[in-house]
Amino acid sequence: MRALIVGNSDGIGLALTHRLLAEGWQVTGLSRRAAPVGEPVVVDVTSAGFPEALAGVGAVDLCVYAAGVGELLGGDDFAAQTRALEVNLLGAARTVEAVVPGMLAAGRGHVIGLSSLADAMISADAPGYAASKAGLTSYLLGLDAALRPRGVAVTAVRFGFVDTKMAKSPVTPFKISPERAVDVLMRCVRTRPAVVSYPRRMAAVTGTLGPLLRTAARLRRSR
Ligand SMILES: NC(=O)c1ccc[n+]([C@@H]2O[C@H](COP(=O)([O-])OP(=O)(O)OC[C@H]3O[C@@H](n4cnc5c(N)ncnc54)[C@H](OP(=O)(O)O)[C@@H]3O)[C@@H](O)[C@H]2O)c1
């Protein structure tokens, strides 16, 4: 079986690459820096060369979009917020564009996108990150509804905090290890659900907080 992982030089993507290789998969990884394992290709998902790099990968059974960035909003500089949208959302859309037609032609395949429980939040700290994940979850769920009848499953994985360089917040409740995150992803590979939210306790907290934060934002605007 062949897998493509976009964003596997570090974090969850790297841990998943190790696990898939150990289970006998052939793995090609596309990342900003070369992954230390598998068949690495160095490319920035926001660059003009990304579609070409994707085209060079060929047919795969599984595609996991694990590339992501999440910078805090700093003063009046919005470039990092734009970048979060480009990497987390548009990079995923470009990956789908390149990979899914081959899966549809074969009548089978599985796309997994690493979204986040932040998809339900309005964030004053990282608005670009939250917006990118809201868009990504919505896109993946819509694709799944459209493509599953044609044999291609699409899974949105909504993690809480995972212990990687991305989890910079000083408070990280219910944080899980990258290995635990990979356990969840491997279960997705086997069962192909439309959406997974993990850990459930964190999902319950953000499910409650999301509407509260939206109300607070509305109240602030109306003052
Ligand atoms: N960690 C968490 O708490 C958490 C929670 C929920 C969801 N997630 C999501 O899970 C995914 C993986 O995150 P992680 O925690 O594993 O983060 P990570 O350790 O920072 O890994 C992110 C990966 O994406 C790559 N990447 C970033 N920008 C790129 C670009 N422009 N072009 C190509 N590759 C790029 C990184 O390459 P470099 O090594 O060069 O930076 C790295 O391989 C992200 O989408 C993230 O939003 C993470």
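Visitor: What is the relative accessible area of Phe174?
Guide: In this predicted model, Phe174 is classed as partly exposed. That class lies between buried (under 20% relative accessible area) and exposed (over 50%), with a 1.4 Å probe and protein chains only as cover. The relative accessible area of Phe174 is 33%.

Visitor: In which loop is Phe174 found, and what is its phi?
Guide: Helices (H or I, at least four residues) and strands (E, at least two) are DSSP runs, numbered from the N terminus. On that numbering, Phe174 sits in the loop between E6 and H5. Although Phe174 is not a glycine, its phi is positive, at about 60°.

Visitor: What end-to-end distance does helix H5 reach?
Guide: H5 covers residues 178-191, which is 14 residues. The expected span of a helix is 1.5 Å times one less than its number of residues. H5 comes close to its expected 20 Å, since from first C-alpha to last it reaches 20 Å.

Visitor: Against which elements do the buried residues of H5 pack?
Guide: The buried set in H5 includes Ala181, Val182, Leu185 and Val189. Contact here means heavy atoms within 4.5 Å. The partners of this buried set are H1, E4, E5, E6 and strand E7 (195-198).

Visitor: At which residue does H3 bend?
Guide: H3 (residues 79-106) has 28 residues and reaches 40 Å, close to the 40 Å expected. A bend is the angle between axes fitted to the seven residues ending at a residue and the seven starting there. In H3 this angle is about 35°, with Pro101 following within four residues, and the bend is at Val99.

Visitor: How far apart in space are the C-alpha atoms of Val6 and Tyr65?
Guide: Val6 lies in strand E1 and is buried at 0% relative accessible area. Beyond four places in sequence, Val6 touches Tyr65 and also, among others, Leu30, Phe50, Leu54 and Thr95. Val6 and Tyr65 are 59 residues apart in sequence, while their C-alpha separation is 5.0 Å.

Visitor: Which side chain forms a polar contact with that of Asn8?
Guide: Asn8 lies in the loop between E1 and helix H1 (11-22) and is buried at 1% relative accessibility. A polar contact is a pair of N or O atoms within 3.5 Å; within protein, one must be able to donate a hydrogen and the other to accept it, and residues adjacent in sequence count only if both atoms are side-chain atoms. At 3.1 Å, the partner of Asn8 is Thr17.

Visitor: What is the radius of gyration of the protein?
Guide: The protein has six helices and seven strands. Taken over C-alpha atoms, its radius is compared with the globule rule, 2.2 Å times the number of residues to the power 0.38. For 223 residues the rule gives 17 Å, so the protein is as compact as a globular protein of that length, with a radius of gyration of 17 Å.

Visitor: What share of the residues in the protein is buried?
Guide: Of the contacts with a separation of 6 or more, 66% join residues 24 or more positions apart. Among the 223 residues, the buried share is 45%.

Definitions and conventions. Residues are numbered from 1 along each chain as its sequence is written. This is a predicted model: local features need pLDDT of at least 70, side-chain atom pairs count only at pLDDT 80 or more; totals for chains, interfaces and linings use all residues. Side-chain values use heavy atoms; hydrogens and water are left out.
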